[in-house]
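Please find below a note for a colleague who is meeting this structure for the first time. It is set out as numbered points, each of which may be read beside the model.

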Amino acid sequence: MSIKVSDFLYRVSNTYFIQYLQEIFDIDLDEMREIQKDFLSQMKRGLQGKESPLKMLVTYAHMPDGNERGSFIALDLGGTNLRILLVELQGAGKVRMVKEKRVTIHKRHTRGKAAKLFGFIARSIEDFMRECRIKPYMKINIGFTFSFPVKQLAINRGKLMHWTKDFAITEEEGLDVVELLNCALTKRNLHNLKVAALLNDTVGTLVTRGYSEHDCDAGMILGTGTNACYIEKPSNITKAHIKGLKKKGMIVNIEWGNFDKLRLTEYDRAIDKESGNIGMQLLEKTVSGKYLGEIVRVTLKDLARRKFIFSLYPQSRPFDKPGTFNAEYLSRIEADSSSDLKQVASVFKEIGAAPTVLAERRLVKNTCGIISRRAARIIASVLTAVIFKMDPYFLKRHVVAVDGSLYEKHPFFSAHILEAMRELLGKRADKITLELTKDGSGKGAAIVAAISTG
């Protein structure tokens, strides 16, 4: 069977371009070690209060012993929803979710004065208490997961740095969000309720797994965004004076999405240029669900420009607009093991792209795999740096609690991380276990509230 010259040239150029993508996105062992070294150095600088892309935020929280008991209300304030939960800690590492309610946060509550938003939250809690038949004389502590940038001053005090997620509250920097909520509760005569703990979802993930798994000492979020926290010796935190925690480890929120000691490709730079925070959150822009789809999009846009895909349909330009390709598509494409790559074709149909031939679909799947593998190897590099910070000689077992849609739903992401950790650590990698841990913003909020009042 004869092969057309045009087909032959397409295959050759296709192969060379895939090799080019592999070269620019590949992170070999030496580069992973360099990332690991730089990350560890920046962690130490952040803990000392020196200039560093890593904020290393003191959370004033420490780990549970698994015997905490009692009923607590957990609040999770995200973007468009407020989640309210009644959580019962039963000791021996057991948690029971008694009731959960989701309340839509309408746009009118995210505009104007902050008191309006917190008044709405207090009313929602009051309704929830009525539904749970909680009596006014029953004292209950609240764990508050607040998914906005906060400078923590104590376990139950935090100053808002700025609003995100399209919240247009007129007051910004300096608001004490715990004080605002406590005042709103008092105005509704909810004197039996008190905010005992303020935290973010990363800390919640760590303590949720730590409640039943005593070897757990790090938490990681790998979803739309990414972050991590870990247990640090208070004596190593020289930038702040910490009282009352001389023996117990302090949970430090790394805010690792802003790590910037990374080699960027032309596609990464294009994404950074299109973002609203150029030069910031570079680690997040190379590994998180929000940006992985965008990296694939601009790469596929280049493939189309070079006529490696849609060569028969040059008018098809589905990748020109940001947001047309997301992490869910990435996961579906990489999970496609069919001989004709039906899922790849289905994804293209959903985003309004022109029909593709099998060779084009294979090229797209290879591209997705190259980009997601790089992300996993970056994560392995920085995560092992965190473990080194806690235990330089790997004298003990380390359990890392992980939550997030990217880690949970991508078919190979966790395997790529483990593979890269074995390259970096050899047999020592066997002492690190990654555990999917759900609902740290709910269960974890209750557990931190219990710790802070125990």
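1. The structure is a predicted model. The remarks that follow should be read with that in mind.

2. With strand β3 (residues 81-91), β2 runs antiparallel, and nine bridges join the two. Here Leu-77 stands opposite Leu-82 in β3. With strand β6 (residues 140-146), β2 runs parallel, and five bridges join the pair. Two positions illustrate this pairing: Leu-75 has Phe-144 of β6 as its bridge partner, and Ile-73 has Ile-142 of β6.

3. Another open sheet has six strands, in the order β1-β13-β12-β11-β14-β15, and its pairing is also mixed. The edge strands are β1 and β15 (432-436), each pairing on one side only. Helix α13 (residues 413-425) packs on the sheet, where it touches β11 and β15. The direction of α13 makes about 165° with that of β15.

4. Ala-218 has Val-400 in β14 as its bridge partner.

5. Met-220 belongs to strand β11. Is this residue buried or exposed? Met-220 has a relative accessible area of 0% and is therefore buried. Leaving aside neighbours within four places in sequence, the contacts of Met-220 include Val-400, Ala-401, Val-402 and Asp-403. Trp-256, Ile-379 and Leu-383 are also among them. The C-alpha atoms of Met-220 and Leu-206 are separated by 7.6 Å, the two residues being 14 apart along the chain.

6. Glu-68 lies in the loop between β1 (57-58) and β2 (69-77). Its relative accessible area is 13%, so Glu-68 counts as buried, the limit being under 20%. A polar atom of the Glu-68 side chain lies 3.0 Å from the backbone nitrogen of Asp-65. With neighbours within four places in sequence set aside, Glu-68 is in contact with Leu-89, Gln-90, Gly-91, Tyr-211, Ala-450 and Ile-451.

7. Ser-235 is placed in the loop between β12 (226-232) and β13 (250-253). Ser-235 has a relative accessible area of 61% and is therefore exposed, the limit being over 50%. Its C-alpha atom is separated by 9.7 Å from that of Met-250, which is 15 residues away along the chain.

8. The largest nonpolar core has 83 residues. Which of them touch the most other members? They are Phe-39, Tyr-230, Ile-254, Trp-256, Phe-325 and Ile-417. Helix α11 (residues 358-390) supplies the largest share of this core, with 17 residues. A second, separate core has 39 residues, including Cys-132, Ile-142, Phe-167 and Leu-175.

9. Phe-325 deserves a separate remark. Not counting residues up to four places away in sequence, Phe-325 touches Gly-293, Glu-294, Val-296, Arg-297, Leu-300, Phe-319, Leu-330, Ile-333, Val-347 and Cys-368.

10. Two packed helices are described by the angle between their axes and the distance between the axes. Helix α6 (residues 266-274) and helix α8 (residues 289-305) pack at an angle of about 115°, and their axes are 9 Å apart. The crossing in which α6 passes α8 is right-handed. On the side of α6, the contact is made by Tyr-267, Asp-268, Ile-271 and Glu-274. On the side of α8, the residues are Tyr-291, Glu-294, Ile-295, Arg-297, Val-298, Thr-299 and Asp-302.

Note on methods
Residues are numbered from 1 along each chain as its sequence is written. This is a predicted model: local features need pLDDT of at least 70, side-chain atom pairs count only at pLDDT 80 or more; totals for chains, interfaces and linings use all residues. Side-chain values use heavy atoms; hydrogens and water are left out. Helices (H or I, at least four residues) and strands (E, at least two) are DSSP runs, numbered from the N terminus. Buried means under 20% relative accessible area, exposed over 50%, partly exposed in between (1.4 Å probe, protein chains only). A polar contact is a pair of N or O atoms within 3.5 Å; within protein, one must be able to donate a hydrogen and the other to accept it, and residues adjacent in sequence count only if both atoms are side-chain atoms. Contact means heavy atoms within 4.5 Å. Two strands pair if DSSP finds at least two bridges between them. Axes are lines fitted to C-alpha atoms, for helices over the stretch in contact, and angles run from 0 to 180 degrees between N-to-C directions. A nonpolar core is a set of buried Ala, Val, Leu, Ile, Met, Phe, Trp, Tyr and Cys residues joined through side-chain atoms within 4.5 Å. A crossing is left-handed if the near helix is turned anticlockwise from the far one by less than a right angle, and right-handed if clockwise.
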